[in-house]
Amino acid sequence: MKCCRCPYPASAWMTFEYSASRIEMFELPDESDGYGGYALCDRHAGRMTAPVGWNLVDSRATMLTLFPVADIVSPAMPAVDVA
Ligand SMILES: [Zn+2]
């Protein structure tokens with residue numbers, strides 16, 4: 001499967017949920033049949049931004065390795081002050 005925007009091989013799958021103004025990014029499915037969406041390569045998936053008023057949700061598992069959960073959670077964690 002190729003990227004819908006360039007000749008490179010696709011690595012991600014993007015779907016539009018118009019009723020919720022939501023764009024979601026997934027791992028590339030084995031079969032594109034039955035999926036309404038677009039294939040994207042790494043580069044285009046990484047550059048994808050949501051239009052104004054839309055949410056972009058990245059549900060790809062690879063996000064977990066790129067951004068370890070601890071790094072995201074730690075700064076937002078309130079200081080625990082046990083008396
Ligand atoms: Zn591409």
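Start with tryptophan 54: setting aside neighbours within four places in sequence, its contacts are Ser21, Arg22 and Ile23. Keep in mind that you're looking at a predicted model. Tryptophan 54 sits in the loop that runs between α1 (42–47) and β4. Is this residue buried, partly exposed or exposed? Tryptophan 54 has 14 other C-beta atoms within 10 Å, so it counts as partly exposed, since being buried takes 20 or more and being exposed means 12 or fewer.

Four strands form an open sheet in the order β3-β1-β2-β4, and the pairing is mixed. At the edges you'll find β3 (38–40) and β4 (55–58), each of which pairs on one side only. From one strand to the next, the twist averages 25°.

Take a look at β1 (residues 12–17) and β2 (residues 22–27), which pair in the antiparallel sense over six bridges. Along this pairing, methionine 14 stands opposite methionine 25 in β2.

Methionine 25 turns up again in the largest nonpolar core, a set of eight residues: Ala10, Ala12, Trp13, Met25, Ala39, Leu40, Cys41 and Ala45. Both β1 and β3 supply at least two residues each to this core. To see how one core member is placed, pick out alanine 45. Not counting residues up to four places away in sequence, alanine 45 touches Ser11, Ala12, Met25 and Leu40.

Note on methods. Residues are numbered from 1 along each chain as its sequence is written. This is a predicted model: local features need pLDDT of at least 70, side-chain atom pairs count only at pLDDT 80 or more; totals for chains, interfaces and linings use all residues. Two strands pair if DSSP finds at least two bridges between them. Axes are lines fitted to C-alpha atoms, for helices over the stretch in contact, and angles run from 0 to 180 degrees between N-to-C directions. A nonpolar core is a set of buried Ala, Val, Leu, Ile, Met, Phe, Trp, Tyr and Cys residues joined through C-beta atoms within 7 Å. Two residues are in contact if their C-beta atoms, placed from the backbone, lie within 7 Å.
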